[in-house]
Amino acid sequence: MTLTSKVLGSRAVAALTSPHGVDRYLEMFHPMWAAIEVRARVVDIHRENPDAHGSAPVATLTLQPTSTWRGHRAGQYVQVGVEMPGSARRMTRCFSISSAASLPGERITLTIRANDEGTGGGHSVSTFLVNEAKVGQMLHLSQAEGDFTLPFTPTTGGPDPVLMISGGSGITPGMAQLRTLLRDAPRMGSSGGRTNRKVTFVHFARSPEDQIFADELAAIAAADNNIDVHLRYGDQTFSEFELRRLVPDFRNTDTWACGPSGLIELVRAAYGEVATPEGSGATDCPNPRLRVEFFKPPALTTGAAGGEVSFTRSGATGENTGATLLDQAEALGLNPESGCRMGICFSCVKTKTDGTVRNVLTGEESSLPDEEIRICVSAPVGDCSVDL
Amino acid sequence: MTITDIPTKLAKKRSTVRASDPKNPNLTAEQLEEFGAEMDALRQRVIADLGEEDAAYIRMIVKRQQQFEIAGRALFYLPPAWPLAVAALSVSKILENMEIGHNVMHGQYDWMGDPKLNSRIYDWDTMAPGENWKYGHNYIHHTYTNILGKDRDIGYGILRMDEDQKWNPYYLGNPLYAFLLMVFFEEGVALHDLEVDRIRSGERTWEETKQVGKPIVKKVGKQVFKDYLLFPALTGPFFVSTLIGNAVANLVRNVWTFNIIFCGHFPAGVATFTEEECENESRGHWYYRQLLGSANITGGKLFHIMSGNLSHQIEHHLFPDVPARRYPELSVEVRALCEKYGIEYNTGGLTHQLWTVAKKIVRLSFPNAKRKTDPAPATGLDDAVAA
């Protein structure tokens with residue numbers, strides 16, 4: 001870091017610029033000046049599936065982050081905050097970074113599918129970014145987060161093979177990993193890099209038209225780079241039998257799986273991870289070879305319903321349906337602040353004043369009074385009151 | 001900590017609301033309920049309409065305040081411009097405390113989802129730590145507004161601002177205490193949360209006080225370091241003139257905020273309430289109490305901005321979490337509702353309101369006169385109101 005950024009990030013400067021902080025002053029002069037927070041300017045928008053008329057549009061956005069961006073490892077995600085037009089409300093969602101690992105201040109790309117689910121018919125961040133954002137749009141970013149990353153580089157470590165399984169938009173972190181492996185691999189003549197370990201890349205998409213990165217994947221498949229690409233469409237859904245055919249010893253192979261929760265449940269079962277009866281996502285016998293990331297917590301079906309949920313600040317009450325508190329609040333017409341809806345961004349933290357909640361990610365139950373909980377991943381067990 | 005354990009000696013029995021309006025409305029419980037529903041509808045309409053204009057407004061105010069701040073801090077390098085520097089810094093500090101700090105910390109802009117304008121995160125440029133203040137102000141004062149024995153903003157534990165506060169010779173100094181509170185308002189607000197008066201009376205332990213005191217010490221240190229050491233030091237040879245300038249700007253803000261705030265609840269005609277009247281009160285009665293317990297100041301647009309729209313204290317108390325820039329438009333409808341239900345709407349010019357406050361401060365430094373000479377005659381209120 002330069003001396004300037006060290007000084008600007010110092011406590012003395014924080015004291016001088018209180019209560020707003022130094023970034024509020026820097027951005028008065030230029031939107032790309034920042035000392036602590038991360039912002040990014042959209043410098044390019046590229047539609048990935050212009051021919052897919054039946055499914056949601058997908059676009060790749062190239063972002064130039066502020067100099068405060070610390071870089072990312074392939075497979076990580078970033079929180080993107082957007083001041084939505086009309087409501088002026090900042091909404092935050094997480095997106096995997098689709099470009100190869102970046103260094104501080106370097107450009108990154110996000111590949112995003114427009115998805116209106118979970119917004120009650122309103123505008124979603126992804127829809128805005130894909131359909132409405134223009135080059136020059138400023139976004140709020142977090143630093144890169146997440147551990148869905150490769151622990152090695154193409155030139156380090158042993159020859160252990162790697163397996164990547166993805167579905168739909170879950171291709172993005174895997175794509176970032178493939179791109180990083182190829183970019184950093186030793187070059188063999190003019191044909192590009194060749195990784196020192198066998199990589200099997202299995203992806204499930206709705207249709208060939210809906211396949212994003214199709215040309216790039218075809219090129220990777222054709223080149224001599226030690227990477228096998230298997231693309232499956234439509235009815236060719238995931239099966240353990242098929243996986244065993246591709247990678248006979250898959251259970252003992254380092255695997256990264258990313259996709260919709262349905263796919264991830266199947267993959268987990270194939271790896272011997274038995275989901276708990278509620279489908280809460282907790283595992284009874286985790287397989288250390290398998291790393292997963294999924295879009296939404298698996299829906300709760302049984303077990304927790306019954307009793308009454310009350311949102312004390314708004315006065316809304318309803319019968320406990322067993323869904324997460326965020327879902328139940330929204331079903332009652334409330335509009336609480338929320339972000340990632342998967343328990344990572346802490347935008348939706350509220351105080352549970354009374355009752356028991358279960359963390360739908362871990363299955364852990366807690367009955368502490370006046371406890372701060374993330375309502376997007378907390379489902380009430382029996383009666384429950386939340387200050388909301 | 002709860003505030004339900006009020007010692008019985010404070011819970012005096014009083015059966016009337018003191019509202020000076022001769023046409024004090026004897027609203028029935030049904031009328032109150034209807035009145036509350038109309039207020040709720042008003043509030044809902046504005047909340048549903050919040051959007052880009054409100055966001056743009058608060059961002060514009062923050063930007064202007066920052067420009068005044070930069071100008072003020074920078075002009076101290078130019079000794080002949082000292083009065084200008086103090087003026088710019090005073091404007092910045094007033095804007096920050098009134099239209100930004102107070103309102104942001106009320107959660108008026110939480111809906112924007114901007115962490116920089118979030119009530120849980122923002123901590124204003126004053127010695128009172130946000131956490132303490134939010135408890136004492138947003139919760140206690142705004143919930144129990146003008147309930148004697150519950151609302152600690154009646155006299156701030158130092159002054160006698162209501163006839164029903166028992167007189168003792170200490171209160172002969174009422175005008176002096178008020179003057180000192182004006183000069184040291186920032187310090188006073190910071191220490192207010194210590195509730196020193198309640199330590200004296202044994203309602204609060206030293207242990208509790210220490211817990212509240214720690215963040216105060218930290219915040220006061222931060223403010224002193226910034227205004228009386230760091231910024232003066234940065235101006236090098238002008239250290240002393242910068243230090244004095246910062247002190248004057250803080251004084252200007254103290255005097256201004258004291259006067260605006262004292263016009264909010266202490267002008268003649270503002271009602272106080274007993275705990276009995278407010279037990280299990282309906283939402284309609286809560287609105288009614290906020291209305292009778294607050295007073296507005298008339299003025300131009302700039303005046304309203306510089307007072308953080310607390311010149312619309314009535315609307316602020318009815319709708320504390322609605323962005324303050326909406327109060328002027330709300331006041332038109334609130335007044336119409338007041339006329340419909342025959343409820344007094346207390347408003348007047350700054351000098352008029354201040355004059356009645358000053359008179360009250362002086363009058364209450366002496367024991368109560370006989371009731372018949374009381375300028376604010378007690379008026380019976382239908383029992384239904386308190387139900």
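Angles under 35 degrees count as roughly parallel, over 145 as roughly antiparallel, 65 to 115 as roughly perpendicular and the rest as oblique. Axes are lines fitted to C-alpha atoms, for helices over the stretch in contact, and angles run from 0 to 180 degrees between N-to-C directions. The model is predicted: local features need pLDDT of at least 70, side-chain atom pairs count only at pLDDT 80 or more, and totals for chains, interfaces and linings use all residues. Residues are numbered from 1 along each chain as its sequence is written, while chains are lettered from A and ligands numbered from 1 in the order in which they are written.

**Stop 1: the helices of chain B**

Select chain B, which has 15 helices and two strands (DSSP runs numbered from the N terminus, helices being H or I of at least four residues and strands E of at least two). Of its 387 residues, 41% count as buried, that is, with 20 or more other C-beta atoms within 10 Å of their own, whereas 12 or fewer means exposed and anything in between partly exposed, C-beta atoms being placed from the backbone.

Next, display helix 9 (residues 239-265) of chain B with helix 14 (residues 350-363) of chain B: the axes come within 9 Å and cross at roughly 75 degrees. Helix 9 and helix 14 of chain B are therefore roughly perpendicular to each other. Asn259(B), Phe262(B) and Cys263(B) of helix 9 meet Leu350(B), Gln353(B), Leu354(B) and Val357(B) of helix 14, contact meaning C-beta atoms, placed from the backbone, within 7 Å. This contact has five nonpolar, two polar and no charged residues; Ala, Val, Leu, Ile, Met, Phe, Trp, Tyr, Cys and Pro count as nonpolar, Asp, Glu, Lys and Arg as charged, and the others, Gly among them, as polar.

**Stop 2**

Move to chain A, where six strands form an open antiparallel sheet in the order 4-3-6-1-2-5; strands pair if DSSP finds at least two bridges between them. Strand 4 and strand 5 (108-113) of chain A stand at the edges with a single partner strand each, so one side of each is left without a neighbour in the sheet. Neighbouring strands are turned by 40 degrees against each other on average, direction ignored. Helix 4 (residues 125-132) of chain A packs on this sheet, touching strand 2 (58-65), strand 3, strand 4 and strand 5 of chain A.

Now select strand 6 (residues 138-141) of chain A. Four bridges join strand 1 (residues 38-47) of chain A to strand 6, antiparallel, and Arg41(A) has Met138(A) as its bridge partner. Strand 3 (residues 77-83) of chain A pairs with strand 6 over two bridges, also in the antiparallel sense; here Gly81(A) is partnered by His140(A). Leu139(A) and Leu141(A) make up the covered face of strand 6, and Met138(A) and His140(A) the uncovered one.

**Stop 3: where the chains meet**

Show both chains: 16 residues of chain A are in contact with 19 residues of chain B. Helix 2 (11-16), helix 3 (22-29) and strand 4 (90-96) of chain A each give two or more residues to the chain A side. That side has eight nonpolar, four polar and four charged residues.

**Stop 4: confidence**

Finally, colour chain A by pLDDT, the predictor's confidence in each residue, from 0 to 100. The mean for chain A is 86, and 87% of its residues reach 70 or more. Over residues 276-280 of chain A the pLDDT is below 50, as it is over residues 297-303 of chain A. Where pLDDT is low, the predicted coordinates should not be read in detail.

How values were computed. Two residues are in contact if their C-beta atoms, placed from the backbone, lie within 7 Å.
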